[in-house]
Amino acid sequence: MTAQADDELWSAIGDPSRRRVLDLLVSNGEVSASWLALRVPFSRQAVSKHLAVLEEAGLVSRRKQGREVLYRVQADRLDQATRAMADLAAAWDRRLGAIKRLAEAAHAAAKSKQQP
Amino acid sequence: MTPGLVIEREVLIEAPAEVVWRTITEPDQMSLWFADRVDLVVEPGAHGYMRFGDQGGPVVVETVDPPNRFSFRWNHPLGEEPVAGNSMLVEFALTPEGEERTRLRVVESGHELRDWPDGEKQRYADEHREGWGEFLDRLAGVLAERRPG
């Protein structure tokens, strides 16, 4: 997976309400949409919509148990997202570190030239 | 609309903003911290090319506001022009903190935040204080703890 290409995944995680739902799923294992709806500041319908988007992005799976539908986080997919994010952040940290060294060296060189 | 991937990082540099600006925008300097080779004219709308080893791709410059803001698009599908929607936008913001110190912040994002109404931007910023990296790290940490073995 290239982090950039996986727009569906990032859009799913990018929404604060969906992050709240993900958060609850991660902390509580397998739960129903009604259970989630009691714990978020939005409607049962909104919860269902968010779950559908998360499922589409592969972050959540569901199974039927009796008359209930239970949702859970797909840990591998979440790990994948975490790694992709960490790789990109690390790449920028390397680049910013290099910029810092170059700019500080250039500044030090310019200052020492100014000395009489 | 929800933005795609958003990465935000920053660094404090012991040099004036003008020096930092030259380091991030001059092509021969860019080839020291970014790509192996950078062919680019730093002007809004200019098309350039970045080479990494035997790979590479076009870059399109967006904002040039020395020594405060510099942005470009890259990472779009091969053979396409980078525009909003198919590419990543990289935005540098330089903030002087005293005469010889500059805070350099970079935001790489999949969709543009800048076209949003200010109220929406503020709401987005308020809701993302935690940052995606921290959010994902935390969730992955909780999951790892619960795994057997």
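**Close-up views of a two-chain predicted model**

**View 1. Helix 4 of chain A in the predicted model.** Helix 4 of chain A covers residues 44–56, and its 13 residues at 1.5 Å each should span 18 Å; the end C-alpha atoms lie 18 Å apart, in agreement with that expectation. Buried positions in this helix are A:Val47, A:His50, A:Leu51 and A:Leu54. Viewed down the helix axis, these residues fall within an arc of 105°, so they line one face of helix 4. Exposed residues A:Gln45 and A:Ala52 sit on the face turned away from the buried side. The packing partners of the buried residues, in chain A, are helix 1 (7–14), helix 2 (16–28), helix 3 (33–37), strand 2 (60–65) and strand 3 (68–73). Just after the helix, A:Gly58 has a positive phi of about 85°.

**View 2. The open sheet of chain B.** Seven strands of chain B form an open sheet in the order 1-7-6-5-4-3-2, with antiparallel pairing. Strand 1 (6–13) and strand 2 (37–39) are the edge strands, each pairing on one side only. On average, neighbouring strands are turned by 20° against each other, direction ignored. Helix 5 of chain A packs on this sheet, where it touches strand 1 and strand 7 of chain B; its direction makes about 25° with that of strand 1 of chain B. Helix 1 of chain B lies across strands 1, 5, 6 and 7 of chain B and runs at about 160° to strand 6.

**View 3. Pairing of strands 4, 5 and 6 of chain B.** Strand 4 (residues 55–65) and strand 5 (residues 69–74) pair in the antiparallel sense over four bridges, and a hairpin of three residues joins them. B:Asp65 has B:Arg69 of strand 5 as its bridge partner. Strand 5 also runs antiparallel to strand 6 (residues 88–96), to which six bridges join it. In strand 6, B:Val90 is the bridge partner of B:Phe72, and B:Phe92 is that of B:Phe70.

**View 4. The largest nonpolar core.** This core has 27 residues, and those with the most contacts inside it are A:Ile99, A:Ala103, B:Val20, B:Ile24, B:Phe92, B:Leu94 and B:Leu104. Two or more residues each come from helix 5 (75–114) of chain A and from helix 1 (17–25), strand 4, strand 5, strand 6 and strand 7 (102–109) of chain B. Beyond its neighbours within four places in sequence, B:Leu94 is in contact with B:Ala17, B:Val20, B:Trp21, B:Pro67, B:Asn68, B:Thr102 and B:Leu104. Another core, of 24 residues, lies apart from this one and includes A:Ala57, A:Leu59, B:Leu5 and B:Leu136.

Notes. Residues are numbered from 1 along each chain as its sequence is written. Chains are lettered from A and ligands numbered from 1 in the order in which they are written. This is a predicted model: local features need pLDDT of at least 70, side-chain atom pairs count only at pLDDT 80 or more; totals for chains, interfaces and linings use all residues. The expected span of a helix is 1.5 Å times one less than its number of residues. A residue is buried if 20 or more other C-beta atoms lie within 10 Å of its own, exposed if 12 or fewer, and partly exposed in between; C-beta atoms are placed from the backbone. The arc is that of the directions from the helix axis to the C-beta atoms. Two residues are in contact if their C-beta atoms, placed from the backbone, lie within 7 Å. Two strands pair if DSSP finds at least two bridges between them. A nonpolar core is a set of buried Ala, Val, Leu, Ile, Met, Phe, Trp, Tyr and Cys residues joined through C-beta atoms within 7 Å. Axes are lines fitted to C-alpha atoms, for helices over the stretch in contact, and angles run from 0 to 180 degrees between N-to-C directions.
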